[in-house]
Amino acid sequence: MIVEDIALVLAIVVAAALAVDRWRARRARPDEGEAERMHDRLWRISESEDRYRALVAATTEVIVQRDARGRITYVNEDYAQLLGREPIALLGAQIDLEILDRGEVEIGADGVRRMEAQVRSVDGRVRWFAFVEMPVAHGDAMHWLRAGRDVTSRVEAIRSRDAALERAESASVAKSRFLATVSHEMRTPLNGILGMADLVLGTELNPEQRTYVEAVRTSGQALLGLIDGVLDFSRIEAGRLDLVAEPFSLPSVAEGVVELLAPRAQDKGIEIALDVAEGFPAGLVGDADRVRQILINLAGNAIKFTERGGVGVSLTFLRAEAGPGEVVLAVADTGPGIPEDRLPVLFEEFEQGDGSASRSHEGTGLGLAITRRLVTRMGGRIEATSRVGRGTTFQVTLPLPEVVAVTPSGSDPLPRLDGQRCLIVADSPFQAPYLARGLSRAGAATVIVDTLESGLDALSGAAFDVMLADRALGDAAVRQLADAARACGVVCSLVLLAPFDRRGFGAPGAAGFDGYLIKPVRERSLFERLLAPPVTAEIRAAPPAATPQAGVGMRVLLAEDNPINALLATRALERLGAEVIHAVDGVAALEQLDANGPFDLALIDVRMPRLDGHETARRIRAAESSGTGRLHLVALTANVGREDEAAARAAGFDGFLAKPLNLKLLPALLERRAAQAA
């Protein structure tokens, strides 16, 4: 029994031991798996840290970490080198880099701060760093970590570029100021040359003397055009071309340009005419001055190169379903044409249609280059088509919005001429077709013939209500046509005259005509003349009344320091009947106002010694604030830019006249002043 008990106890002990071993084994296996998992995690963390350190090392060069009191808790080797110390020696120190300059600090939504700073290292080297600062947790405390990379090359490149840009802008401003000064100084003697030439041409001259004086005037006008071209080109090059967007009437602008250039064309024995398409908008939004400049450049260029025939300017409008419409300006001529190989370079600077040394026309070749830049700046396009010996056409397309509300004076609908039969007798490439087109749009039936014989045949073969005959056919021819028209029962016969033909042709009634029209003919003038009541023979033969002098009884103050310009303006005003008081500068002008006032008009040069024109105007306006009345002030200046006119008006001027002074503008100026005074 004892032996069995011992065996049972031993069996129980062994079983218990085996159970404990199995239990320990089961406990041991999970611990070993957990250890392996922890080991894997530590390895991955270490690998991530290595990658992080490699990324930081690749993107930053200097790293420093500080506690809340500014003491260094970590620093890398590169940062320590900037301070000339070992990293271990910097721990706990509050030393920092010497900052010479810094940019703005940018703080992100996550609290990260970014800035660029210029620092000086211990060896005296100056460098730029882009720093990033961020808070990092360090136990229970918060530390600041700053990391930076060297951006010296980039900053210096940017600063060098900015300095170069500033120098370029300063040079551009200096160039523009220089050109404006040179332009003024060149225009001043030109004012004397052209003005005196006009005065001499108004005196009794023999044919030889007149030829010489006209040559002087022509050369001066060519030089003036050259100055204007160079100045315009320099302004465009300098980026000082500002555009305005204001309502204006393009037909009115074009009529003004055609009438301005008409004397130049008629001096060469050619014509210039304008045609405005039916339905053209009364108002557009754009820069009227720049559009005028485009028209003057193109039409003036066409006149320059055309020896026979003429120049035609036409306006059409292309309406779009969406967005602004497009204006099409076309300038056609009957000149020699341009070779096809010259068309691609026609709008380049200093290029002309004839690039050979034997070309018959002078010029810099800037006109078309300036025109192209103006058109491009306005968002348009320009192109040229030409046939040698058949002429050239320049076409400009500009996106200009239509303004329906704008109704300029004289823009009422043209009257109808339904049922009228018109005969035009003229050897004319543009004026006659344009007149016929306008008459047809008004409902009239029109026939054009180009010789005396064909005109007589037309009168004898059909009944006409109206006949228009061009004096360019010859005095005898148009008189014969007038007699035939009267014999055939024509109700209204008109002769077309150039401005210079009026005196030489005599009274239209004496030649058998009912009236006359001055070329280039305005469509509205034609219609008004056709609808006017018939003129009796007595009135028809009466000589025109003498034109009264526009300035009779007017007192004009002239402030001008240049003696030649002062003499020119004084003589021109005195010929118009005005009394002129001259002052040599602004101070003298104010003295004359006090001693010899009042005056009806004051012409004041902008550039004068002692007291310039702007300050003179400001003082006059200040004195008028006490209720002494308002004197009409007109600025005289050789600086003709838009900003110059704006400055003059801001100083108190009412008008603006450019030098060289156009003497033809003075009668209208005096007439307006006389009308306002009345």
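1. Among the elements of the protein, mean pLDDT (the predictor's confidence in each residue, from 0 to 100) is lowest in helix H14, residues 537-541, at 44, and highest in strand S12, residues 326-333, at 95. Helices (H or I, at least four residues) and strands (E, at least two) are DSSP runs numbered from the N terminus.

2. This is a predicted model, in which local features need pLDDT of at least 70 and side-chain atom pairs count only at pLDDT 80 or more, while totals for chains, interfaces and linings use all residues. Residues are numbered from 1 along each chain as its sequence is written, and side-chain values use heavy atoms, with hydrogens and water left out.

3. The average pLDDT of the protein is 80, and 80% of the residues score at least 70. Where pLDDT is low, the predicted coordinates should not be read in detail.

4. Strands S18 (residues 492-497) and S19 run parallel and are joined by four bridges; pairing requires at least two DSSP bridges. Opposite Tyr516 in S19 stands Val495. In a regular strand the side chains alternate between the two faces of the sheet. In S19, residues 515-518, Gly515 and Leu517 form the covered face, whereas Tyr516 and Ile518 form the uncovered one.

Methods. Buried < 20%, exposed > 50% of the residue type's maximum accessible area, 1.4 Å probe, protein only.
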